[in-house]
Amino acid sequence: MNLPPLAAIRVFEAAARHGSFTNAAEELGMTQAAVSYQIKLLEERIGASLFLRRPRQVILTEVGARLSPAISEAFDMMRAAIAATRENADGILTITTIPTFAANWLVPRLGSFQLAHPSLAVRLQATREVIDFARQDADIGIRSGGGHWPGMVAHKIFGADFTPMLSPVLAATIGGVKTPMDFLKLPIVDPSDPWWKIWFAAVGVTDPELRGNPRGRFGDQHLEGKAVIAGQGVGILTPAFFETELKSGLLIQPFDIVGNDDHFYWLVYPEARRNVPKVRAFRDWLLEQLAGA
């Protein structure tokens with residue numbers, strides 16, 4: 001049996017992924033009528049309906065649900081093959097990463113990766129957005145969360161642990177921090193951060209009255225860390241991101257107790273790209289870094 005037109009298969013893959021002819025049309029730069037026409041052609045070739053048409057959405061039929069995973073895998077394999085073919089031509093590794101991970105953990109270590117792989121140029125995209133690898137140009141991602149993303153390989157990096165930190169100058173204003181309750185005497189950089197309640201609960205304090213503006217937010221830890229180093233208040237930060245500042249004495253961590261909200265940082269990439277050489281090189285390098293930490 002000859003394959004149906006590739007254009008029709010491509011439209012089916014997009015419509016199945018979005019659950020919408022309209023969104024598929026937007027992604028592919030087509031009209032909704034053109035998408036409907038291509039789906040109709042494919043259904044005629046197969047001899048069965050692939051979608052149930054509903055107001056504002058479409059739902060895969062049993063036949064469509066059986067076909068969709070295989071089509072998606074085939075497109076992923078084609079994307080990976082094309083990317084691998086381009087590997088030697090462009091020599092660029094694009095990493096999408098959370099800003100704080102980029103600034104405080106990855107960038108200080110990237111030199112050793114570049115020395116080991118001089119033919120690869122690293123391009124960082126620092127964003128908190130969870131990108132769609134099928135639609136956006138990236139090879140690898142660093143994400144925080146539970147580690148479950150369909151179609152993705154996820155390697156645990158480390159836990160999103162957190163604990164209070166402050167500058168030694170600020171601590172000296174109250175004669176040093178000796179107990180967790182001493183934090184309540186000092187301004188808090190972001191008192192609305194839910195991590196505070198989790199950490200104080202771990203030390204047996206419920207509903208702590210934190211000083212500071214509850215509407216003040218820095219958005220990313222590396223920015224909050226700058227404010228904490230400047231003595232503006234106490235921050236609740238992830239120790240792995242501030243190893244240098246703690247060793248140099250710019251920050252102090254009065255207590256070993258850390259909190260965790262069951263989130264971790266993960267290295268992720270599409271399953272179909274696991275054997276792309278530049279992806280494999282970065283994965284192996286990062287896991288070696290963690291093993292030697």
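D139 and K278 are both buried, meaning under 20% relative accessible area, with exposed being over 50% and partly exposed in between (1.4 Å probe, protein chains only). Their side chains meet in a salt bridge, with N and O 3.4 Å apart. A salt bridge here is a side-chain nitrogen of Lys or Arg within 4 Å of a carboxyl oxygen of Asp or Glu. D139 sits in the loop between β4 and β5 and K278 in helix α11, so the pair ties together parts 139 residues apart in sequence. Helices (H or I, at least four residues) and strands (E, at least two) are DSSP runs, numbered from the N terminus.

This is a predicted model: local features need pLDDT of at least 70, and side-chain atom pairs count only at pLDDT 80 or more, while totals for chains, interfaces and linings use all residues. Residues are numbered from 1 along each chain as its sequence is written, and side-chain values use heavy atoms, leaving out hydrogens and water.

D139 also forms a salt bridge with R273, at 2.7 Å between the closest N and O atoms. R273 is buried too. The whole structure holds 11 salt bridges. Another joins K185 to D182. K185 counts as partly exposed because its relative accessibility is 48%. D182, at 8%, is buried.

Now turn to two helices. Helix α1 (residues 6-18) packs against helix α3 (residues 32-46) at about 110°, with axes 8 Å apart. Axes are lines fitted to C-alpha atoms, for helices over the stretch in contact, and angles run from 0 to 180 degrees between N-to-C directions. Residues in contact (heavy atoms within 4.5 Å) include F12 in α1 and L42 in α3.
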